[in-house]
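Have a look at the sequence and the fold, then read on.

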Amino acid sequence: MPLQWAGLSPELLLSVDRESGEQLRAQLERQLRDAIRTGRLGAGERLPSSRELAREMGLSRGLVQDCYAQLQSEGYLVTRVGSATRVAACAHVPPAPAPHRSAPERLIADFRHGVPDLTGFPLSDWLWALREAGRTLPTADLDYGDPRGSRVLREVVAGYLRRVRAAAADPERIVVCSGYAQGLGLALESLAGAGVRVVAYEDPGPPPR
């Protein structure tokens, strides 16, 4: 989808050098042509009117009109009666594709940290649970809740820890994190607040921050 610009005329960064030996029209044509070829101006994008571009650059309107006409004849621009001048749909020349590589070697095991086994995620069960929970979800629960996490979830987690881990778990002392990074950050902040300045973690592990 081409970009749509609000206002009477879209802005366009162009410049001409009156001290160079190159004609002003040639400079303008070259810059517009390069902007289209490199993708800086996308297919279907609207260009400023010849009157507006001439005013902004201090050029004659006739020069800009001749420039637009030349680029239109080359297939870079399209103009319709009663419509703005736009970049032609087939004008952009994409960069050469990278050399095709053979299929990557399949790893026997991936030991990178922070990369879960996404193939093991129970997506169908997750979607079913979302639908079931949404049937009776109060609209108030869509608002920001306790920053420690859902009270119900913390009670379930505490009950699990007491039952399975024999831990003296208290829902008021449990924090539900959005992920590993937040949990690690909270733990490090708590340790720093307690005066701990050195922390050890397993190797291999996440890179130092």
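## Ground rules

This is a predicted model, so to speak plainly about confidence: local features need pLDDT of at least 70, side-chain atom pairs count only at pLDDT 80 or more, and totals for chains, interfaces and linings use all residues. Residues are numbered from 1 along each chain as its sequence is written, and side-chain values use heavy atoms, with hydrogens and water left out.

## The whole chain

The protein chain has six helices and two strands, and along the sequence they come in the order α-α-α-β-β-α-α-α. Helices here are DSSP runs of H or I with at least four residues, strands are runs of E with at least two, and both are numbered from the N terminus.

Of the 209 residues, 20% are buried, where buried means under 20% relative accessible area, exposed means over 50%, and partly exposed is in between (1.4 Å probe, protein chains only). The accessible surface is about 16,500 Å², and carbon and sulfur atoms account for 58% of that; the area comes from the Shrake-Rupley method with a 1.4 Å probe. Take the contacts (heavy atoms within 4.5 Å) between residues at least 6 apart in sequence: 53% of them join residues at least 24 apart.

## How α1 meets α3

Two packed helices are described by the angle between their axes and the distance between the axes. For helix α1 (residues 24-37) and helix α3 (residues 61-73), the angle is about 45 degrees and the axes are 10 Å apart. That makes α1 oblique to α3; angles under 35 degrees count as roughly parallel, over 145 as roughly antiparallel, 65 to 115 as roughly perpendicular, and the rest as oblique. The axes are lines fitted to C-alpha atoms over the stretch in contact, and angles run from 0 to 180 degrees between N-to-C directions.

Who touches whom? On the α1 side it's L24, R25, L28, E29, L32 and R33, and on the α3 side L63, V64, D66, C67, Y68, Q70 and L71. Sorted by type, the contact residues are eight nonpolar, one polar and four charged. Nonpolar covers Ala, Val, Leu, Ile, Met, Phe, Trp, Tyr, Cys and Pro, charged covers Asp, Glu, Lys and Arg, and the others, Gly among them, are polar.

Q31 sits in helix α1 and is buried, at 17% relative accessible area. Leaving out residues up to four places away in sequence, Q31 touches L14, S15 and V16.

L188 is in helix α6 (residues 180-193) and is partly exposed, at 34%. From L188 to V199 is 11 residues in sequence and 8.3 Å in space, C-alpha to C-alpha.
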